[in-house]
Amino acid sequence: MSHDNDASVGELLVILRHGPHGSSWLREGLDVALVAAAFGRRVSLLFMGEGVLALLAGQGSGALGQKGTAPTLEMLEMYDIETLWVEAEALTRFGLDEHELMLAPQALTAEAIADAVETHPRVLTF
């Protein structure tokens, strides 16, 4: 399957698997995405597992004083990061609906996720 001319396929896929609190993985993944985009890379973001929780609106700081991710998420559009995906299975697992999430990501099945990983030349997981 060739995706050479598919404009939706970016150069870098950043997979965010950690929730917004408890570790710095999510923030670091978002920072990498922003830096790559600032250097002109086409970046796609995929929120998987607990990473989908980062997209819930109205999050405060974590127990250890970690900042909520909403301000960073709101910057994605400024950096032209427009390909936003979320794992459909994780939404189901957490009892969430796509419409409850910030930024309106597109839900992907496991098969579509495998496709996305395969079609991006670089994939980083946080």
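Predicted model: local features only at pLDDT ≥ 70, side-chain atom pairs only at ≥ 80, totals over all residues.
Reader: Quick one to start: which residue in S2 is the bridge partner of Ile-15?
Author: In S2, Ile-15 has Leu-46 as its bridge partner. The S and H labels are DSSP runs numbered from the N terminus, with strands (E) of at least two residues and helices (H or I) of at least four. Residues are numbered from 1 along each chain as its sequence is written, and side-chain values use heavy atoms, with hydrogens and water left out.

Reader: Got it. How many bridges join S1 to S2?
Author: Five, and the two strands run parallel. Two strands are said to pair if DSSP finds at least two bridges between them.

Reader: And how many bridges join S2 to S3?
Author: Four bridges link S2 (residues 43-47) with S3 (residues 83-87), again in parallel. Leu-46 turns up here as well, standing opposite Trp-85 in S3.

Reader: What's the order of the strands in the open sheet?
Author: The order is S4-S3-S2-S1-S5, five strands with parallel pairing. Strand S4 (106-108) and strand S5 (122-125) are at the edges with a single partner strand each, so one side of each has no neighbour in the sheet. From one strand to the next, the twist averages 25°.

Reader: What holds strands in a sheet together, anyway?
Author: Strands of a sheet pair through backbone hydrogen bonds, and the pairing can be parallel or antiparallel.

Reader: Back to S1. How many of its residues are buried?
Author: Five of the five, so S1 is largely enclosed by the rest of the structure. Buried means under 20% relative accessible area, exposed means over 50%, and partly exposed is in between (1.4 Å probe, protein chains only). Both faces of S1 are covered, with Leu-12, Val-14 and Leu-16 buried on one side and Leu-13 and Ile-15 on the other.

Reader: Switching to helices: how many residues does H1 have?
Author: H1 has 14 residues, and its first and last C-alpha atoms are 20 Å apart, close to the 20 Å expected at 1.5 Å a residue. That expected span is 1.5 Å times one less than the number of residues.

Reader: Which of the residues in H1 are buried?
Author: Leu-26, Gly-29, Leu-30, Ala-33, Leu-34, Ala-36 and Ala-37. Seen down the axis of H1, these buried residues fall within an arc of 165°, so they line one face of the helix. The arc is taken from the directions running from the helix axis to the C-beta atoms.

Reader: And what do the buried residues of H1 pack against?
Author: They pack against S1, S2 and helix H2 (70-75). Contact here means heavy atoms within 4.5 Å.

Reader: Which residues have a positive phi although they're not a glycine?
Author: Asp-80 is one of them, with a phi of about 60°. It lies in the loop between H2 and S3 and is exposed, at 57% relative accessibility. Leu-103 has a positive phi of about 70°, sits in the loop between H3 and S4, and counts as partly exposed at 34% relative accessibility.

Reader: New topic: how many salt bridges does the count come to?
Author: Three, where a salt bridge is a side-chain nitrogen of Lys or Arg within 4 Å of a carboxyl oxygen of Asp or Glu. One of them joins Arg-41 to Glu-11, with the closest N and O atoms 3.4 Å apart. That pair links distant parts of the chain, 30 residues apart: Arg-41 is in the loop between H1 and S2, and Glu-11 is in the segment before S1.

Reader: What about Arg-93, which residue does it meet in a salt bridge at 3.7 Å?
Author: That is Glu-89, side chain to side chain, N to O. Both lie in helix H3 (residues 88-93), four residues apart, about one turn of the helix. Through salt bridges that share partners, Glu-87, Glu-89 and Arg-93 form one network. In the salt bridge between Glu-87 and Arg-93, the closest N and O atoms are 4.0 Å apart.

Reader: Is Glu-87 buried or exposed?
Author: Glu-87 is buried, with a relative accessible area of 10%.

Reader: Last one: leaving aside neighbours within four places in sequence, what is Arg-93 in contact with?
Author: Gly-49 and Glu-87. Arg-93 and Gly-49 are 44 residues apart in sequence, and their C-alpha atoms are 8.6 Å apart in space.

Notes. Axes fitted to C-alpha atoms, helices over the stretch in contact; angles between N-to-C directions.
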